[in-house]
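Please read the sequence and the model shown here before going on.

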Amino acid sequence: MRNPSREAIRAASKRGKLQWMLFQAFSAAVIVGFIAAGTGAQPRQANVKSHSRSDPLASPRILDDGDVGFSTTGEWSHSPKAGFHDDALAAKSGQFNAARWTFNNITPGYRYRVSATWPAGANQATAARYSISAEADANTRWLVGGASVDQTLAPKGSKHAGAVWQDIGEPVLARGTTLSVRLFGSSDETIVADAVRIERIGRWQPPIGIAAPPFGVDESHWAYADREIEYDYGSGPEPYRIGPDGPYTHYVDNTHPQATDINNDFGSPDRPRKTLPFIIPPGSVAEIHGGPYTHNAGGLSFTADASADRPVYVRGTSANRPIIQTTFSIAGRYVIVENLQFDGYQVNLSGRPDHVSLRNLEVRNFDPSGNNNAVNTIGSYLVVYRCRIHHNGDARGGVEHDVHGAKARGDHIWIVDNHMHHNGGDSVQVKGARNDANDAQYIYIGRNVMHDDRENAVDIKGSRNVFVSQNVMYGYRPTRGEGSDGSAVVGAHEKAELGWFLFNEIYDCNRGIRFNEKKVKTRAYVIGNIFHDIDDVAIYARRRCSVYVVNNVVYKSNRGFRAADSDVDCYLFNNIFHDLNFHVAVERPDRSESHHNIYYRPGGRVKIQWGKKTYYGLALFVAATGQGNGSLARDPQLVDPGGNDVRLAEGSPAIDAGADVEDLGELFKSQYGLDIGVDFLGRPRPQGDKVDIGAYEGATDANDLGAFGGGVATRPTPGQ
Ligand SMILES: [Ca+2]
Ligand SMILES: [Ca+2]
Ligand SMILES: [Ca+2]
Ligand SMILES: [Ca+2]
């Protein structure tokens, strides 16, 4: 029978064990601190320091069987005496018996160590399989790791919370905001589901070809929990006040009966402020509670002129993101705004601020009468991270009315690890003022999931040095009325000069990437991308451009590549054009090259247009044009293209069949100081003797996930 404290823990675990534990630790600290302060004694510091005070996002988390977030399918039986917290579940392994631990509120782009504990037993599975998935939305899940463990033996690894934890493979890179761990078996043995632990390690990992921002992702207000750092609340420097969600200086809660802004510069939990102050001093942490904050009660605009070592935080709490339904405008520098929901109102940066980071915001239902942007990202060194920006404007309307998710103008702007969808214009539009390329440069659009906007996922106008890397983009079709041809990416128009398109996955669109510039000759590099289920053409050089198309895979689509303008120089090599109606069409090929590509159509002919003529077969194309050196018309032997796994199977003719790509890698390194000599999984390229053709390097089996986990998002997880 369970004792009362055990029951209390159990009850707490249903509400979320972690929060409860943090609350306990915090309550003890506050009570001790309060008593010590009240008696004028000085031991407060020592007592407070004995409790853990760190960012919960970076702290280890444990989910036990029976906790919220744990679920099973099939038949499981309870074994009450053994395991973490004296319980575990057991089942015969098999197709229908599986257990799942789901962790929400994950910070994407970080690596997580995932480990498990279980009570050992002689009759248990010797190969109980844990698989780890990352998830961004219902359609977007990556298999990121996994391993089999021997449950006849006790787990081996580090101790924590009274248990020993065995790592499930190498740490995994999180994408989206959910990590789930699934346990199943592969034979008729007993598998045991007990507890799983995750721990975030290290710094944020930028997408391929993108530098980490100098400010805005890794910083946490918990840094101010360090008692060496002090803040002046009006009577001289003192340690920060610390609440359940960490250090704060300003406390705002418009729903509190005692709330007032009169003679109340900072506010407190007992007597909060009603709104933000207009000027927020360096080092401030303004914690916003309550809500909604409506237009009638005034705006929430502020200026914060802070610094790298004393940034300002304006934040909802991690558990409760207040709803903002009023004007919200940020001016200044070194500001992080996080954990808020904007409903019907935009996030505006005013006066071109610098070093501003927007994190864990939801921005939705902004529907202005004119063209506008839900997030007005105009300035320098700006970050939009881990936000969901959706249903702004009308994503289905018949009349062009651009309400974009985020507009990037300025320099050094990171739009990374976000989920953006159903916006009336584009998820992200890049555009300098009056299409001046100087006014939009070093724009980094990485590892976002973007889908179902009215126009495009990414639309690039007057700019240069724009990087679009490792995004997933789907659901772009021609609009009913004016506005869009259903391209996921407009890679260049209106004076866009230079862009890099690296390792994206683009599917279920009318077109993949379209280059459409008239005035300047765009330079573009399309490297390592995967396109599938494209209605018209995957890569479309419609107007003037010089485009490198290298190591891409296009499959299950209508056309692979098309160049339609006389002023297109295209360089096509190391690509796989698989299962297409029409593989490549270069209508004015005077300055173009094509070599080391694989063309294939199961049960059909290869079609290549080069100039005015179309060749029905690779050999005819090579003989007539002198192009096509090193190319193959053979089944590239992809692992499972039907299941969207286009890695190379053992024995694939693509292996070591590619052209050297060193020059491109060196160009990138010399311009930007970063290495893009990798494949879709982040594995170094080349492996073996030479570069492979396609987006992946090296033969692979289903369990080999590479540094970024299984690669494409739409590949089904084995066993599901
Ligand atoms: Ca347990
Ligand atoms: Ca438009
Ligand atoms: Ca557009
Ligand atoms: Ca190779």
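## The chain as a whole

The model described here is predicted. Its protein chain holds four helices and 54 strands. Of the 720 residues in the protein chain, 52% count as buried.

Contacts across the sequence can also be counted. Among the contacts in the protein chain with a separation of 6 or more, 64% are between residues 24 or more positions apart.

## A sheet of five strands

Five strands make up an open sheet in the order S2-S5-S12-S7-S8, and their pairing is antiparallel. Strand S2 (70–73) and strand S8 (140–149) have a single partner strand each, so these two stand at the edges with one side left without a neighbour in the sheet. On average, neighbouring strands of this sheet are turned by 20° against each other, direction ignored.

Inside this order, strand S7 (residues 128–137) pairs with strand S12 (residues 178–185) in the antiparallel sense, over seven bridges. One of the residues involved is Ala128, whose bridge partner in S12 is Gly185.

## A sheet of three strands

Another open sheet has three strands, in the order S3-S4-S13, with antiparallel pairing. Its edges are strand S3 (77–79) and strand S13 (190–193); each has a single partner strand, so one side of each is left without a neighbour in the sheet.

The pairing of S3 with strand S4 (residues 88–92) is antiparallel and runs over three bridges. In this pairing, Ser79 stands opposite Ala88 in S4.

Are the faces of strand S19 (residues 250–253) covered or uncovered? Both faces are covered. His250 and Val252 lie on one side, Tyr251 and Asp253 lie on the other, and these residues are all buried.

S19 pairs with strand S20 (residues 285–289) in the parallel sense, over four bridges. Val252, one of the buried residues of S19, stands opposite Ile288 in S20.

Methods: Residues numbered from 1 in each chain as written. Chains lettered and ligands numbered in written order. Predicted model: local features only at pLDDT ≥ 70, side-chain atom pairs only at ≥ 80, totals over all residues. Buried ≥ 20, exposed ≤ 12 C-beta atoms within 10 Å, placed from the backbone. Pairing = 2+ DSSP bridges. Contact = placed C-beta atoms within 7 Å. Axes fitted to C-alpha atoms, helices over the stretch in contact; angles between N-to-C directions.
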